[in-house]
Amino acid sequence: MYVPPLPNGAGGRGDAAAGEQPRVYQVWRGSNEFFLQGRFIFGPDVRSVFLTMFLIVAPVVAFCVFVARHLMNDFPDSWGVSVMVVVVVFTVYDLTLLLCTSGRDPGIIPRNTHPPEPESIDGINDMGGQTPQQFRLPRTKEVIVNGISVRVKYCDTCMLYRPPRCSHCSICNNCVERFDHHCPWVGQCIGLRNYRFFYMFVFSTTLLCLYVFAFCWVYVIKIRDAEQLSIWKALLKTPASIVLIIYCFLCVWFVGGLSVFHLYLMSTNQTTYENFRYRYDRRDNPYNRGILNNFLEIFCSAIPPSKNNFRARVTVEQGLQQTRSQSRGFMSPNMGKPIGDLEMGRKPVPWDEPRTAADIRDLEAGLGGMFDEKEGRVAHASPDLSRDDLPVEFMEGRAGMHSRQSSWVHRPSDGAEAISVQMATARRS
């Protein structure tokens, strides 16, 4: 279970009772939104779910009012009533699948509170019984899946090596098992625990569009036969049917095409992410078990329980765990390289580059304090460059800066002397 740090106050996304620790969902570090005290988890774009509901309910209501109501008496033995009953029941079923897709944990991998231990990293051996001060975690590792070597990556945000088929969603800010994609229409990641409901929702929406589309034409034909009109004049008699026919025709291309595409992905046991990134048509797919077994895996296998108990309370020991476990001399695979959360889509920036104008002013002030007013040479290190205050992780990067600063001591350039004179004059004035 994911264990977040304790907030300073009651904090989080709800008020904890006095004397009680907050619940996990109240201090969740992802971008998710929770409802009913952590019972439902949505993505940050949960508002799009209401738009999707409107796009489904609105045409169904129009169909019931302007089409199905008139067809109730046009079929023998009260079969006309079933036209409206079926569309209402099918709509409720479709909305239920939508909520099952968007309101559940898609398969979030709990975050670690510290990087992996050195003994759990392949290729790191004991050095004469002594622990080295720094370890650089390998960026990738090789694992064997069904006899095929698969490369897994280290996630800097979650501080773990992602399991096979897992990826970090830049929108929800979570690592998700069997990550397929983040769907803006359902406001949630599509992963191991909700892919089945996602496909059932898309496919049932396709059937709903075809149902409304077909019975709108049935109503138009009924008008044509009853009034002996041409098909075009019959269409003019029911403008609502024209709108619904055009709407369903456009929608069925989208949801129908999506249904066919995911039908192909399921038959080959791929995800959308894998299909666009790895192109298994050019290499072996280690997860393909045959068409029948692939479908059985999606629709007939048990859905694994969530690895996160969002309603559990955070204990004091759990909250202090992250404080006790510091970096312990570990280095991220990106240390010494341009950083920036690659999973979040941010532009990489060198770690020692000032990021704001305030940082530049602080750097100038620090350099000014490092020069002696009379001799124009380094007198002392700036406080933020003190080795006592720096964590071990940054010592390697800072060493490069110190080597450059030491060159000013032995070989002060004319530019450095000019800078020192200008700073000294500014302080006297």
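Predicted model: local features only at pLDDT ≥ 70, side-chain atom pairs only at ≥ 80, totals over all residues.
Figure 1. Leu192 belongs to the loop between strand E10 (188–190) and H3. Although Leu192 and Pro304 stand 112 residues apart in sequence, their C-alpha atoms are 8.3 Å apart in space.

**Figure 2. Asp180 and Tyr273, two residues separated by 93 positions along the chain.** Asp180 sits in the loop between E8 and E9, where its relative accessible area of 2% makes Asp180 a buried residue. Between the C-alpha atom of Asp180 and that of Tyr273 the separation is 5.4 Å.

**Figure 3. The salt bridge between Glu274 and Arg165.** The side chains of these two residues, Glu274 and Arg165, meet with an N to O distance of 2.9 Å. Glu274 is part of helix H6 (residues 272–277), whereas Arg165 is in the loop between strand E6 (160–161) and strand E7 (167–169), so the pair ties together parts of the chain that are 109 residues apart in sequence. Both partners, Glu274 and Arg165, are buried. This contact belongs to a structure that holds 7 salt bridges.

**Figure 4. The salt bridge between Glu177 and Lys307.** Here the side chains of Glu177 and Lys307 come together at 3.4 Å, N to O. The pair links distant parts of the chain, 130 residues apart, with Glu177 in the loop between strand E8 (174–176) and strand E9 (181–183) and Lys307 in the loop between helix H7 (291–299) and helix H8 (316–324). The two partners fall into separate accessibility classes: Glu177 is buried, with a relative accessible area of 18%, while Lys307 is partly exposed, with a relative accessible area of 41%.

**Figure 5. The salt bridge between Lys237 and Glu227.** The closest N and O atoms of Lys237 and Glu227 are 3.7 Å apart. Lys237 lies in the loop between helix H4 (231–236) and helix H5 (239–267), and Glu227 lies in helix H3 (residues 195–227), the two residues being 10 residues apart. Lys237 is exposed, at a relative accessible area of 51%, and Glu227 is partly exposed, at 43%.

**Figure 6. The packing of helices H3 and H5.** The axes of H3 and H5 are 8 Å apart and the helices pack at an angle of about 150 degrees, which means that H3 runs roughly antiparallel to H5. The crossing of H3 and H5 is left-handed. Of the residues that make up the contact of H3 with H5, 24 are nonpolar and 6 are polar, and no charged residue takes part.

Figure 7. A disulfide is a covalent bond between the sulfur atoms of two cysteines.

Terms used:
Residues numbered from 1 in each chain as written. Heavy atoms only, no water. Salt bridge = Lys/Arg side-chain N within 4 Å of Asp/Glu carboxyl O. Helix = DSSP H or I, 4+ residues; strand = E, 2+ residues; numbered from the N terminus. Buried < 20%, exposed > 50% of the residue type's maximum accessible area, 1.4 Å probe, protein only. Axes fitted to C-alpha atoms, helices over the stretch in contact; angles between N-to-C directions. Parallel < 35°, antiparallel > 145°, perpendicular 65-115°, else oblique. Left-handed = near helix turned anticlockwise from the far one by under 90°. Nonpolar A, V, L, I, M, F, W, Y, C, P; charged D, E, K, R; others polar.
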